[in-house]
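Work through these exercises with the sequence and the model side by side. Try each task before reading its solution.

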Amino acid sequence: RKFGFIDIFKSDKINNFRYIKKLGLDALDRNLSVEYLYKRICNSEVLIKQLLLNQHIVAGIGNIYASEILFLSKISPSKKGGLLKREECRKIVINSRKILLNAIRKGGSTIKDFKNISGAKGSFQNEFKVYNRENLNCKRFKCKGRINKKTISNRSTFFCNICQK
């Protein structure tokens, strides 16, 4: 799989770069608002998990983080984007920042062999609430659910069968 590339161009030309022009707002951009997200997904028949992974809508959310964001937001990954209310979009915006900033502080997630440029492994995987926890009990206080795994758009998706609606 291709996770990225390197290209060299003059910094004043960044907004003309074909890949940058197609990206949605960065998940940590201050301009990422409830209204922005809601307008981008409110008429969609696509599942919210797929929408969060769509870099043309919001850039910077990967598979692991999408599962964790949806768990924290109490939203099913199988819910269609068009069925989300503004309040649910607000939770996604807030929890995207929370999850991603925490993951950055922890150096990312090392599942198999990820290491940063210094050779250190990330430790955010120790914070996972749902990702890679299939058949384990939900970590949410007083929830009696279990973590399920399903495939959405060829990606492993983890969620609580009780508290994510």
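**Exercise 1. How many salt bridges does the count come to?**

The model is predicted: local features need pLDDT of at least 70, side-chain atom pairs count only at pLDDT 80 or more, and totals for chains, interfaces and linings use all residues. Residues are numbered from 1 along each chain as its sequence is written, and side-chain values use heavy atoms, with hydrogens and water left out.

Step 1. Set the rule. A salt bridge is a side-chain nitrogen of Lys or Arg within 4 Å of a carboxyl oxygen of Asp or Glu.

Step 2. Apply the rule. The count is five salt bridges.

Step 3. Take E45 and K80. Their closest N and O atoms are 3.1 Å apart. This pair links distant parts of the chain, 35 residues apart. E45 is in the loop between α2 (34–41) and α3 (48–53), and K80 is in the loop between α4 and α5. Helices here are DSSP runs of H or I, at least four residues; strands are runs of E, at least two; both are numbered from the N terminus.

Step 4. Check burial. Buried means under 20% relative accessible area, exposed over 50%, partly exposed in between (1.4 Å probe, protein chains only). E45 is exposed at 58%. K80 is partly exposed at 32%.

Step 5. Compare with two other bridges. E88 and K79 approach to 2.7 Å between the closest N and O atoms, and both residues are buried. R90 and E87 meet at 2.5 Å, N to O. Both lie in helix α5, three residues apart, about one turn of the helix. R90 is partly exposed at 35%, as is E87 at 39%.

**Exercise 2. Which residues do ring pairs link into a cluster?**

Step 1. Set the rule. Rings of Phe, Tyr and Trp (its six-membered ring) pair if their centres lie within 6.5 Å; planes under 30 degrees apart count as stacked, over 60 as edge-to-face and the rest as tilted.

Step 2. Search the whole structure. Four aromatic pairs turn up. One of them is Y65 with F124, a tilted pair with 5.7 Å centre to centre and 40° between the planes. Y65 is in helix α4 (residues 63–73), while F124 is in the loop between α5 (86–105) and β3 (147–152), 59 residues apart.

Step 3. Follow F124 onward. The ring centres of F124 and F128 are 5.8 Å apart with planes at 75°, so this pair is edge-to-face.

Step 4. Check burial. Y65 is buried at 15% relative accessibility, F124 at 2% and F128 at 5%.

Step 5. Name the cluster. Ring pairs join Y65, F124, F128, Y131 and F158.

**Exercise 3. How many disulfides does the structure hold?**

Step 1. Set the rule. A disulfide is a pair of cysteine sulfur atoms within 2.5 Å.

Step 2. Apply the rule. The structure holds zero disulfides.

Step 3. Inspect C143. C143 is buried, at 15% relative accessibility.
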